[in-house]
Structure formats: C-alpha cells, structure tokens
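Dear colleague,

Please find the structure below, which I am passing on to you together with a short account of what was found in it.

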Amino acid sequence: MIFRRKNREYSDAELMQQIVSGDQVAFNGLYHRYKDRMYYYFYRMLGNASEQANDFLQELFMKLIEKPESYNTAYPFQTWLFSVANNMCKNEYRRREVRKEYQTSEVWRPNLDYMNDTSVEPEQLIEKIFATLDQLGEEHRSAFLLRYREGFSIKEVAEILALPEGTVKSRLFYAKKMLAEKLEYLKDEIEL
Amino acid sequence: MTKKNSDQLFTDLLRNDRIGEPSKAIEDRLMYSFLLKNSSMKLKQNSFASFFGWLFSVQSLGLKTGLVSVILFVSVMNNQINIDSGTISCTDTIFAKRVLVADSTSFIQSIDSLRTDSLN
C-alpha cells in the first residue's frame with residue numbers, strides 16, 4: 001500500500017474517498033494540491049486581505065474534514081471546491097452589507113487616481129484591474145477570477161456560480177469592457 | 001502596435017500574479033483537527049452498530065434476500081443428501097433396512113443353536 005502510494009498519483013475523487021475512510025496522507029495531499037489556488041481566490045475575492053484569506057482557507061478545509069461525505073464523487077472535485085469557496089465569500093459579503101448599514105460613514109472606496117496612466121508595471125496593473133473590478137461587484141470578480149486565473153470553461157464557471165452560461169458570458173464581457181474603458185493602458189493593448 | 005486578445009492578456013496577467021503563500025500554522029491546525037476526527041472514527045469502527053444498522057435497514061434488500069435463500073437451500077440440501085449409515089438399499093424394489101447394532105442376546109441365541117447343532 002505504501003509503495004503503491006509513492007508510485008501513483010491519485011485523482012481528487014480517489015483522495016476524497018480515502019479521506020472519508022480517515023486517511024491523513026490523502027488529506028495532506030489534497031491540501032497541498034489546492035491550498036495556493038484557494039488562498040489566491042479568497043485573497044482576491046475578499047479585498048486583498050491575507051489574514052482573512054488564511055481564515056477562509058482554514059474554514060474551507062475544516063468543512064472538508066468535518067463532512068467529507070458531502071462531496072459527490074460523480075462531479076469534478078475542483079468545481080465543487082470552488083463552489084463551496086464561492087458560497088463562503090457570498091456569505092461574507094452579506095455579513096459586510098449588514099455591517100455597512102451600521103457604519104455608513106466608513107465606506108471604502110478604491111483609489112482610482114492612477115486610472116489614466118499610460119504605462120504601468122504588471123504588478124501595478126493587476127492591482128488596478130482588481131480595484132476596477134471592485135466597482136463592479138463580487139459577482140463580476142468571481143467570474144473573472146475563475147475564468148482567467150483558474151482557467152475554467154464558461155460551463156464550469158456557470159456550474160460553480162450556479163448561473164446560466166449566458167449570464168457568465170455577459171459578466172465577463174462587461175468586466176472586460178469596463179477594464180478597457182477605465183484603464184488607458186489596456187485600451188491600447190487589447191481588443192474585446 | 002498589434003492588439004492582443006483580451007482573454008489571453010488577462011490569463012497571462014493573472015497566472016503570473018504572486019501574492020505569497022498561506023500560513024504554515026493553518027496546515028498544522030488542519031492536520032491536528034484531522035487527527036482528532038480520525039481518532040474518534042476509529043472508536044466507532046470497533047462497534048457492530050454499523051453492521052446491524054445495515055442488516056436491519058431496507059437498503060440492499062435483494063442482496064439480503066439472496067443470502068438468506070442460499071443459506072436455506074444449503075441447509076435443506078444438506079439434510080436431503082445425508083444417508084443413514086448401516087442401511088442397505090437394493091435395486092429390486094425390495095428395500096431392507098437392517099440395523100447393524102451388536103445385540104448380546106443374538107449372540108447367545110446363535111451360540112445355543114450352534115451347540116444344539118453340534119449335539120445333533
């Protein structure tokens with residue numbers, strides 16, 4: 001069994017089956033396979049907060065420890081994992097909305113002074129992109145991240161977000177359009 | 001300057017974006033939690049509760065019925081096949097059943113008859 005594990009790369013579904021039967025090595029393998037991707041997703045979805053991204057990452061995998069049987073092996077594991085992560089982000093936005101009602105004076109607004117720069121470094125550009133996406137809302141940001149960072153197809157993004165494919169397409173188009181409008185640099189670089 | 005495809009540009013930008021790694025402490029906490037959960041699971045594995053739960057539930061009824069049928073069939077056939085020892089069966093429709101049990105009176109009788117035979 002030990003020798004077999006060293007020689008063979010298990011699929012996500014197989015690792016989940018082993019986790020259900022209490023295999024810690026399988027859990028460790030699955031965590032290392034997804035920790036960076038999930039951390040990035042939470043980081044960008046929750047306003048670039050590393051501490052909160054860490055908390056959410058821990059909560060996500062705690063759910064997996066507590067109820068591994070909630071995953072249906074008939075569906076792709078990563079689609080399921082991202083849909084759970086997305087629901088966690090949605091709940092967090094709802095909590096923030098409630099808090100905002102009590103703290104109306106402290107509404108965060110992204111700094112958009114740099115928008116008309118004509119040349120920027122890639123790191124700065126990424127920050128500008130996410131600052132622009134913040135104006136659109138979390139639903140556009142999640143579709144954008146899942147499509148371009150994670151490389152999911154439109155169909156998979158639609159499954160993760162529980163939306164029709166047409167809605168996903170229109171959100172992506174609208175996000176790209178807004179980015180092209182807002183960022184002078186992008187306007188010259190891309191075609192929609 | 002030629003314009004790039006927007007999908008390719010965003011994919012390149014986001015895939016090269018580095019934000020650092022999650023805290024190592026999370027991994028340690030998760031492994032500890034898994035260990036705790038796993039230890040409570042092993043206690044459950046020693047009980048027969050899950051087996052009896054399955055046995056008296058409505059699931060896998062076909063399998064259970066099949067198993068019971070096989071057990072009944074084997075036990076019935078076992079009794080049918082069992083032939084009494086000491087029974088001699090004849091092929092000419094005459095069935096003679098002799099119980100070959102040592103009977104001391106038979107011996108005495110046969111010895112007496114032998115004696116009378118020899119006297120004669």
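A:D36, A:R37, A:Y39, A:Y40, A:R149, A:E150, B:R15, B:D17, B:R18, B:I19, B:G20 and B:E21 line the second largest pocket, a pocket being, on a 1 Å grid over the protein atoms alone, an open set of points where a 1.4 Å probe fits, with protein on both sides within 12 Å along at least five of seven lines, and lining residues having an atom within 4 Å of a point. This is a predicted model, in which local features need pLDDT of at least 70 and side-chain atom pairs count only at pLDDT 80 or more, while totals for chains, interfaces and linings use all residues. Residues are numbered from 1 along each chain as its sequence is written, chains are lettered from A in the order in which they are written, and side-chain values use heavy atoms, without hydrogens and water.

The volume of the second largest pocket is about 200 Å³, taken as the space filled by probe spheres set on the points. Helix α3 (residues 24-45) of chain A gives the largest share of its lining, four residues, and by class the lining holds eight charged, three nonpolar and one polar residues.

Two residues in loops also deserve a look. A:A162, in the loop between α8 (154-161) and α9 (165-182) of chain A, is not a glycine and yet has a positive phi of about 55°. Most residues other than glycine have a negative phi. A:A162 is exposed (over 50% relative accessible area), at 65%. B:S60, likewise not a glycine, has a positive phi of about 55° and is found between α3 (49-55) and α4 (61-81) of chain B; at 36% relative accessibility it is partly exposed, which covers the range between under 20% and over 50%.

Best regards

Definitions and conventions:
Ala, Val, Leu, Ile, Met, Phe, Trp, Tyr, Cys and Pro count as nonpolar, Asp, Glu, Lys and Arg as charged, and the others, Gly among them, as polar. Buried means under 20% relative accessible area, exposed over 50%, partly exposed in between (1.4 Å probe, protein chains only).
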